[in-house]
Amino acid sequence: MDYGGNSGSDRVALEKMRRPYLEKHQVLNSSKLESQSPFELWKAWFDQASQVISEMGSPNEPNQMALATATRDGRPSLRYLLLKGHDETGFYFYTNYNSRQPAATVCMYWPEVHRMVTIEGDVAKVDSQRSDAYFKSRPLDSQIGAAISSQSSVIASRQELESARRSLSERVTAEGAECIDRPEQWGGYRLRPDRFEFWQGQRDRLHDRLQFRRQADGAGWTYERLAP
């Protein structure tokens, strides 16, 4: 039976698709990692992935991440965006405020090094000054795109977007402006982690999974190794 909807000799069954890892990665040393802050470990992994991606000329962006949120009745939503900042308190991203994000999970996957980090936590808006500063740093076309889009709302056609963009672009050009004001419905969020999971792929599929859970008093982290 062809579950993939294809036919002919070139059909590849989905259940047979498997790309073997080209090398066996070093098993993660629990005793060394347990003493690290999950923020420090994330930064080390991010820096290494960024270097490898640059050296390989990969089209992937090291700061791309999947963002998962859910409504109060449990209906999930998932999309990709870019991480745009981090510090000792959390991770920052920018999007339309009409999107649903009281709590979220982000996942950063770097196939070039067979590594993945999943981060869960509460989400809150950043202050308007920070959102304003980042918005002004974006290319003008990106600013215009954010201003005209009521994200996730139903629109009649692509032409509706193009018309709105053309109209605002013409007005900005006529005014000689280099940037526009940040729309009220767009800005930044900070995800404050309460759980990290670090995943290192292994050729034999006995992957390493290391978990950090924020302690109830908020003063530290509980470290655990998870079965693959």
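Analyst: Strands β3 and β4 make up a hairpin, with 2 residues lying between them. Please keep in mind throughout that this is a predicted model.

User: How many bridges join β3 to β4, and which way do they run?

Analyst: Strand β3, residues 85-87, is joined to β4 by 3 bridges, and the two run antiparallel; within that pairing, H86 stands opposite F91 of β4.

User: And what is the bridge partner of F91 in β7?

Analyst: In β7 the partner of F91 is L191, and the pairing of β4 with β7, which spans residues 186-200, is antiparallel and extends over 6 bridges.

User: How many residues of β4 are buried?

Analyst: Strand β4, covering residues 90-96, is mostly covered, with 7 of its 7 residues buried.

User: Switching to helices: at what angle do α4 and α5 cross?

Analyst: The axes of α4 (residues 140-148) and α5 (residues 158-175) cross at roughly 125° and come within 10 Å, and the two helices are therefore oblique to each other. The crossing of α4 past α5 is right-handed.

User: Which residues make that contact?

Analyst: On the α4 side the contact is made by L140, I144, A147 and I148, while α5 contributes L161, A164, R165, L168, S169 and V172.

User: Last topic, how many disulfides does the structure hold?

Analyst: The structure holds 0 disulfides.

Notes: Residues are numbered from 1 along each chain as its sequence is written. This is a predicted model: local features need pLDDT of at least 70, side-chain atom pairs count only at pLDDT 80 or more; totals for chains, interfaces and linings use all residues. Side-chain values use heavy atoms; hydrogens and water are left out. A disulfide is a pair of cysteine sulfur atoms within 2.5 Å. Buried means under 20% relative accessible area, exposed over 50%, partly exposed in between (1.4 Å probe, protein chains only). Helices (H or I, at least four residues) and strands (E, at least two) are DSSP runs, numbered from the N terminus. Two strands pair if DSSP finds at least two bridges between them. Axes are lines fitted to C-alpha atoms, for helices over the stretch in contact, and angles run from 0 to 180 degrees between N-to-C directions. Angles under 35 degrees count as roughly parallel, over 145 as roughly antiparallel, 65 to 115 as roughly perpendicular and the rest as oblique. A crossing is left-handed if the near helix is turned anticlockwise from the far one by less than a right angle, and right-handed if clockwise. Contact means heavy atoms within 4.5 Å.
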